[in-house]
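Dear colleague,

I am handing over the structure below, and my notes on it follow. Please read them with the model open beside you.

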Amino acid sequence: DFKHKAQLDVISDLAGSISAVLLALILKDFWALVWASVIWRLIYFGLSFRFHPYRPRLCWERKRAAHLIHFGKHMFWISVVTFVVTNGDDALVGRLLGLDLLGYYTMAYAIANLPVTSLCETIGRISLPVYAQIQDDRKRVKEAFQKVFESVLMILLPSTALIMLLAEDFIAVFLGDRWLPMAGVLRVLCLLGLFRGLSNVIAPVFLAVNRPEIQSRNKTFELCVFLVLIYPLTISWGLIGAGWAVTAAYLAGLILNSVALSRLLENFLQIILGAVYCPLLATAALVASSLLIGTVLEGMGSLPRFFLLIFSEIGAFLLISIWMKNALIVEVARSLSHGKFGAFRA
């Protein structure tokens, strides 16, 4: 019942935001954020009991506990590695390059990961229980994964390309010229967002079929790549180097996840090629349109140029997509309008 989950998130987030603003006006110091976070979680806690009849109780079942501890130790390690990789670069950039450059880096990271946080992480949370329900039927898992993967690519690839192509115009229009130094690292981190997003689509399959050790092992290798590269690349090339170090770590994780999934699902390469060709060609049309229209609009002001570019790029992408795969576009649009993915109805 994802409707109640959405209500729970929206209401608690809204209440937390309003609390933060009101407490900031009253207290006028950083404690406003602390107490707003407490209020936010209290509301989330209370609403969770309001929305669902389940009530936890204390009990001990040795067999279930052993299974959960085995599964949980891998989940704990995955969380630790994710925290280090997603926050370690910030700590090192701030330490080596200073707080000003850290500000550019964190803003670029947030913008580049917008498609991931708004789409892929949500899809990952939704797909896990679905895959778990059909985990014994690998054919259905494969069909569901292919539909989810292609649907995500139809949104993730063009959104990544748009951010990379319009980085400078976007910054100039919405953030101001003083943020322009982050344009280079923003483009690099867009690749990070793409690799991270695709990994977030693959990872739930391992957890759903009760193989968390695969994801744990892949995350460990990802951490090793990050630790080896982050310091020397940041020292040598500054923000760009830090961006490439984290991007390389997520690329390594994506490759390992893909190889591992190919051992669980038959004809994995065929699945990937079948899912990627339409989004890839449509995104290529988007890029070509951007280069062509950008040349024509050379010298125009930032604001009109930005909106003309984005409309032309999205138009080119949709035209090619509809021409190649009309059924998929209709399915994705219907799924987004209803807040769920049609693949899960299979």
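In which loop does Asn-267 lie? Asn-267 lies in the loop between α9 and α10 (268–296), where helices are DSSP runs of H or I of at least four residues, strands are runs of E of at least two, and both are numbered from the N terminus. Asn-267 has a positive phi of about 55° although it is not a glycine, and with a relative accessible area of 46% Asn-267 is partly exposed (buried means under 20% relative accessible area, exposed over 50%, and partly exposed in between, with a 1.4 Å probe and protein chains only).

Some notes on provenance come next. This is a predicted model, in which local features need pLDDT of at least 70 and side-chain atom pairs count only at pLDDT 80 or more, while totals for chains, interfaces and linings use all residues. Residues are numbered from 1 along each chain as its sequence is written, and side-chain values use heavy atoms, with hydrogens and water left out.

A positive phi also occurs at Lys-28, a residue other than glycine, where the value is near 60°. Lys-28 is found in the loop between α1 and α2 (31–51), and its relative accessibility of 67% is over 50%, so Lys-28 counts as exposed.

As for the chain as a whole, its secondary structure comes to twelve helices and zero strands. Of the 346 residues of the protein chain, 42% count as buried, and among contacts between residues at least 6 apart in sequence, 77% join residues at least 24 apart, contact meaning heavy atoms within 4.5 Å. The accessible surface of the protein chain comes to about 19100 Å², of which 68% belongs to carbon and sulfur atoms; accessible areas come from the Shrake-Rupley method with a 1.4 Å probe, and for residues only the protein chains shown count as cover.

The count of disulfides comes to zero, a disulfide being a pair of cysteine sulfur atoms within 2.5 Å. Cys-59 is exposed, with a relative accessible area of 51%, whereas Cys-190 is buried, at 1%.

Two helix residues may be worth a look. Ser-12 lies in helix α1 (residues 2–27) and is buried, because its relative accessible area of 0% is under 20%; leaving aside neighbours within four places in sequence, Ser-12 is in contact with Trp-40, Ile-43 and Tyr-44. Trp-244 and Leu-192 are 52 residues apart in sequence, yet 8.2 Å apart in space, C-alpha to C-alpha.

Finally, the largest pocket has a volume of about 550 Å³. Of the 22 residues that line this pocket, the closest to its centre are Ile-78, Asn-200, Ala-203, Leu-207 and Gln-215. On a 1 Å grid over the protein atoms alone, a pocket is an open set of points where a 1.4 Å probe fits, with protein on both sides within 12 Å along at least five of seven lines, and lining residues have an atom within 4 Å of a point; points are joined across faces, edges and corners, and the volume is the space filled by probe spheres set on them. Helices α3 (62–97), α5 (114–133), α8 (183–208) and α9 each supply at least two residues of the lining, and the largest share, seven residues, comes from α9.

With best wishes
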